[in-house]
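The following exercises concern the reading of a predicted protein model.

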Amino acid sequence: MQAARLPSACLAHCAGIMRVLEGSLFCVLLPVLHLLASAAEHEEVAKHVIKLHRGKGATAAQRKQWVLDSCRKLTGLLRQKNVVLNKLKNAIRAVERDAGLSDEEKLFQVHTFEIFQKELNESENSVFQAIYGLQRALQGDYKDVVNMKESSKQRLEALREAAIKEETEYVELLAAEKHQVEFLKNMQHQNKSLSMLDEILEDVRKAADRLEEEIEEHAFDDNKSVKGVNFEAVLRVEEEEASSKQNITKPEAENGLGLSMLIDSQNNQYILTKPRDATIPRADHHFIKDIVTVGMLSLPCGWLCTAIGLPTMFGYIICGVLLGPSGLNSIKSIVQVETLGEFGVFFTLFLVGLEFSPEKLRKVWKISLQGPCYMTVLMIAFGLLWGHLLRIRPTQSVFISTCLSLSSTPLVSRFLMGSARGDKEGDLDYSAVLLGMLVMQDVQLGLFIAIMPTLIQAGASSSSSIIMEVLRILLLIGQILFSLAAVFLLCLLIKTYLIGPYYRKLHMESKGNKEILILGVSAFIFLMLMVTELLDVSMELGCFLAGALVSSQGHMVTEEVMAYIEPVRDFLAIIFFASIGLHVFPTFVIYELTVLVILTLAVVIMKFALAVFVLSLILPKSSQYIKWIVSAGLAQVSEFSFVLGSRARRAGIISREVYLLILSVTTLSLLLAPVLWRAAITKCVPRPERRSSL
């Protein structure tokens with residue numbers, strides 16, 4: 001214990017500090033005196049320090065005497081602390097021997113004394129830590145920025161640990177106070193007779209206390225020592241509207257039902273996800289307002305795009321732009337809105353799978369497998385070539401090329417909704433070819449996300465370990481291919497033994513109760529989603545396969561399921577496209593409009609040309625005309641480039657500037673996609689069979 005080091009220890013510390021300072025004594029003693037002096041003495045000492053520093057009447061003897069007086073004060077405080085600790089120990093022994101106290105009361109009093117002991121010891125430790133910290137700081141080289149940063153980091157860590165200790169002590173005091181109140185209530189109940197109603201309420205109170213103890217999770221204490229957990233300084237912002245409507249005091253705000261927002265030093269904002277008291281329902285009003293606002297503004301934006309001949313999805317993207325960070329900045333729960341929007345992707349791909357039966361997949365599987373693979377390889381080859389000419393790192397070139405090679409499955413799915421399917425007898429259906437290639441790109445997306453960490457490590461490794469990194473990548477690719485084989489084997493088993501009886505049972509139980517059918521179909525979608533996720537394959541592929549398995553039950557089943565699921569999909573798709581608009585920054589596009597237009601046109605033209613070239617090689621001669629439609633559908637960049645770009649930016653693969661370029665090119669290519677698709681449909685589909693999907 002620090003108390004063992006009394007006069008001699010203190011004098012030794014002070015002598016060491018004097019040797020380090022060599023005259024600037026006020027720098028050392030000011031932090032110490034801040035802890036020791038009373039409020040009245042502190043001001044006088046501070047004035048005296050200033051006089052000494054300015055050399056007004058300061059002599060060596062006075063300075064030495066001042067240091068000795070300060071050390072005597074510190075020594076006296078340490079002696080007094082020892083006396084108090086001895087008294088606390090005697091008090092604890094007296095409480096333990098007191099036969100008139102109950103066990104709970106003894107435990108409460110002893111715990112209170114121990115908290116006070118802990119406070120005294122921590123205060124003493126703080127004094128000596130401040131002295132040691134000042135010694136380290138004075139011995140450091142302040143011309144070295146790195147050294148200053150490390151010193152600042154050490155002080156910050158010490159403050160964080162002190163804050164955690166103080167928070168723990170405060171929680172313990174709150175618990176002790178609660179225990180004391182409960183003890184006084186019990187004493188009052190014992191001294192008076194209770195009515196039947198009071199006895200019932202007392203039993204209910206005890207049961208409620210037990211319930212709170214059972215369901216309470218000590219998440220803070222359980223996780224603060226977990227590896228990788230860091231202590232951060234955050235700001236807690238209470239709800240302004242709730243505080244303005246009600247006169248809420250600070251204790252009520254801390255213990256109330258409001259959803260506080262936490263903001264860390266990196267400007268990340270956090271909303272409560274699980275409250276301490278789970279017995280009281282709570283609602284995230286920010287999220288509710290965000291969804292309501294998106295729904296209301298999507299209507300006029302969708303109408304406007306319909307009036308000028310654009311797909312309604314662009315109206316929803318404009319809605320997200322207006323409400324997002326680049327517009328009114330009224331969306332508070334951006335992550336929650338994006339998460340809900342992901343369900344729009346899931347249900348959209350399920351409906352795509354409903355229209356894309358296994359029979360169609362079997363007919364075009366070779367084209368679906370070969371086409372995206374050839375296009376990705378060619379895109380990477382062109383990317384490496386341009387990267388070499390522009391002196392871009394190979395890792396960055398491979399990432400950008402792979403990212404731009406992907407196309408938007410939800411967008412093309414909306415194009416194909418209600419469009420013509422029938423072509424000449426014996427010819428391939430362009431929608432089947434296009435969707436098959438998009439599904440394969442979704443598989444490539446999952447594969448690329450899976451191998452991204454290995455690519456990052458390979459880019460950072462030395463040349464001597466390149467062979468090992470290549471072997472690791474090949475091993476990971478083999479694992480992904482094995483997972484794909486397992487998924488398709490599982491789909492075969494489900495189609496043969498499960499999906500038929502499951503849907504018939506679901507149809508029988510849902511007569512007059514359509515929510516059972518909706519819930520049953522949704523549960524099957526989520527099951528396939530979880531299966532593909534557990535096997536490290538894209539979740540989007542699981543949703544698509546769920547739709548394909550349901551469509552194998554016949555046309556009547558497909559029509560019935562589609563009628564029920566489409567309204568759910570439409571609402572969630574609005575949220576999804578609005579969430580895309582949250583990441584569109586018109587000001588950046590305007591600043592770099594010329595560069596972005598040139599890059600977007602180059603990407604669209606290159607993807608269209610590569611798709612035409614690849615399809616010319618793999619399509620049969622009788623179906624060569626559909627290559628123009630399929631190429632037009634593939635000539636844009638997938639919205640999943642947002643996801644890939646954000647991960648690559650966090651991993652250091654690409655810079656902030658490249659990330660913004662990818663976002664802008666993706667957005668502009670999606671805006672050009674309807675124009676190119678409509679031109680291809682007009683040119684290649686006969687007029688009697690043409691039905692606009694836009």
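**Exercise 1. State what share of the residues of the protein chain counts as buried, and describe the chain as a whole.**

Step 1. Of the 694 residues of the protein chain, 38% are buried; buried means under 20% relative accessible area, exposed over 50%, and partly exposed in between, with a 1.4 Å probe and protein chains only.

Step 2. The secondary structure consists of 27 helices and three strands. Helices (H or I, at least four residues) and strands (E, at least two) are DSSP runs, numbered from the N terminus.

Step 3. Among contacts with a separation of 6 or more, 75% join residues 24 or more positions apart; contact means heavy atoms within 4.5 Å.

Step 4. The conventions of the model should be kept in mind. It is a predicted model, in which local features need pLDDT of at least 70 and side-chain atom pairs count only at pLDDT 80 or more, while totals for chains, interfaces and linings use all residues. Residues are numbered from 1 along each chain as its sequence is written, and side-chain values use heavy atoms, with hydrogens and water left out.

**Exercise 2. Determine how helix H20 (residues 514-534) packs against helix H21 (residues 539-551).**

Step 1. Two packed helices are described by the angle between their axes and the distance between the axes.

Step 2. The axes of H20 and H21 come within 7 Å and cross at roughly 135°. Axes are lines fitted to C-alpha atoms, for helices over the stretch in contact, and angles run from 0 to 180 degrees between N-to-C directions.

Step 3. H20 is therefore oblique to H21: angles under 35 degrees count as roughly parallel, over 145 as roughly antiparallel, 65 to 115 as roughly perpendicular and the rest as oblique.

Step 4. The crossing of H20 and H21 is right-handed. A crossing is right-handed if the near helix is turned clockwise from the far one by less than a right angle, and left-handed if anticlockwise.

Step 5. H20 contributes Phe524, Ile525, Met528, Leu529, Thr532 and Glu533 to the contact, and H21 contributes Met539, Gly542, Cys543, Leu545, Ala546, Leu549 and Val550. These residues comprise 10 nonpolar, two polar and one charged; Ala, Val, Leu, Ile, Met, Phe, Trp, Tyr, Cys and Pro count as nonpolar, Asp, Glu, Lys and Arg as charged, and the others, Gly among them, as polar.

**Exercise 3. Describe the packing of H20 and helix H22 (residues 555-581).**

Step 1. The axes of H20 and H22 are 10 Å apart, at an angle of about 95°. The two helices are therefore roughly perpendicular to each other.

Step 2. Lys514, Leu517, Ile518 and Val521 of H20 meet Glu560, Val561, Tyr564 and Ile565 of H22. By class, this contact has six nonpolar, no polar and two charged residues.

**Exercise 4. Characterise the surroundings of Leu120.**

Step 1. Leu120 is located in helix H5 (residues 103-139). Its relative accessible area is 18%, so Leu120 is buried.

Step 2. Apart from neighbours within four places in sequence, Leu120 is in contact with Lys81, Val84, Leu85 and Leu88.

Step 3. Leu78 is 42 residues from Leu120 in sequence, and their C-alpha atoms are 9.7 Å apart in space.
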